[in-house]
Amino acid sequence: MSTARAAEPVRPADVLKDPGHLKTLLLSGLGGIPVSLVAFWFLAEIHELQHALWSGLPQAFGWASAPW
């Protein structure tokens, strides 16, 4: 007869407290903040470009509105 024991199941609370998990979470947060800022400013610039193309450019040509 074998006396092998079944492995204990991994508890989620233990995984969340693991130093490796916390380091990965911190690294992800530190990487995510600059990426989100770049994405925000990219979308803000796209908004400004659209405004310039559809409002500013027709006015520069002397039109009252964009020619549809």
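The following legends describe several views of one predicted protein model. Residues are numbered from 1 along each chain as its sequence is written, and side-chain values use heavy atoms, with hydrogens and water left out. Because the model is predicted, local features need pLDDT of at least 70 and side-chain atom pairs count only at pLDDT 80 or more, whereas totals for chains, interfaces and linings use all residues.

View 1. Helices (H or I, at least four residues) and strands (E, at least two) are DSSP runs, numbered from the N terminus. The C-alpha trace spans about 95 × 25 × 15 Å along its principal axes. The radius of gyration of the protein chain is 28 Å, while a compact globule of 68 residues would have one near 11 Å. This radius is taken over C-alpha atoms, and the globule rule is 2.2 Å times the number of residues to the power 0.38. Of the 68 residues, 3% count as buried. Buried means under 20% relative accessible area, exposed over 50%, and partly exposed in between (1.4 Å probe, protein chains only).

**View 2. The salt bridge between aspartate 14 and arginine 11.** The structure holds one salt bridge. In this pair, the side chains meet at 3.5 Å, N to O. A salt bridge is a side-chain nitrogen of Lys or Arg within 4 Å of a carboxyl oxygen of Asp or Glu. Side chains of opposite charge can pair when their charged atoms come close. Aspartate 14 has a relative accessible area of 43% and is therefore partly exposed.

**View 3. A nonpolar patch on the surface, with Leu53 among its members.** The patch also includes Phe42, Ile46, Trp54, Phe61 and Trp68, and its residues together have about 1,200 Å² of accessible area. Patches are made of residues with over 30% relative accessible area and no salt bridge; like charges are joined within 9 Å, and nonpolar side chains (Val, Leu, Ile, Met, Phe, Trp, Tyr) within 5 Å. Accessible areas come from the Shrake-Rupley method with a 1.4 Å probe; for residues, only the protein chains shown count as cover. Leucine 53 lies in helix H2 (residues 19–60). Leucine 53 counts as partly exposed because its relative accessibility is 42%.

**View 4. Glutamate 45 and glutamate 48 in helix H2.** Glutamate 45 has 53% relative accessibility and so counts as exposed. Glutamate 48, at 47%, counts as partly exposed. From C-alpha to C-alpha, glutamate 48 and proline 19 are 44 Å apart in space and 29 residues apart in sequence. Glutamate 45 and proline 67 are 22 residues apart in sequence and 23 Å apart in space, C-alpha to C-alpha.
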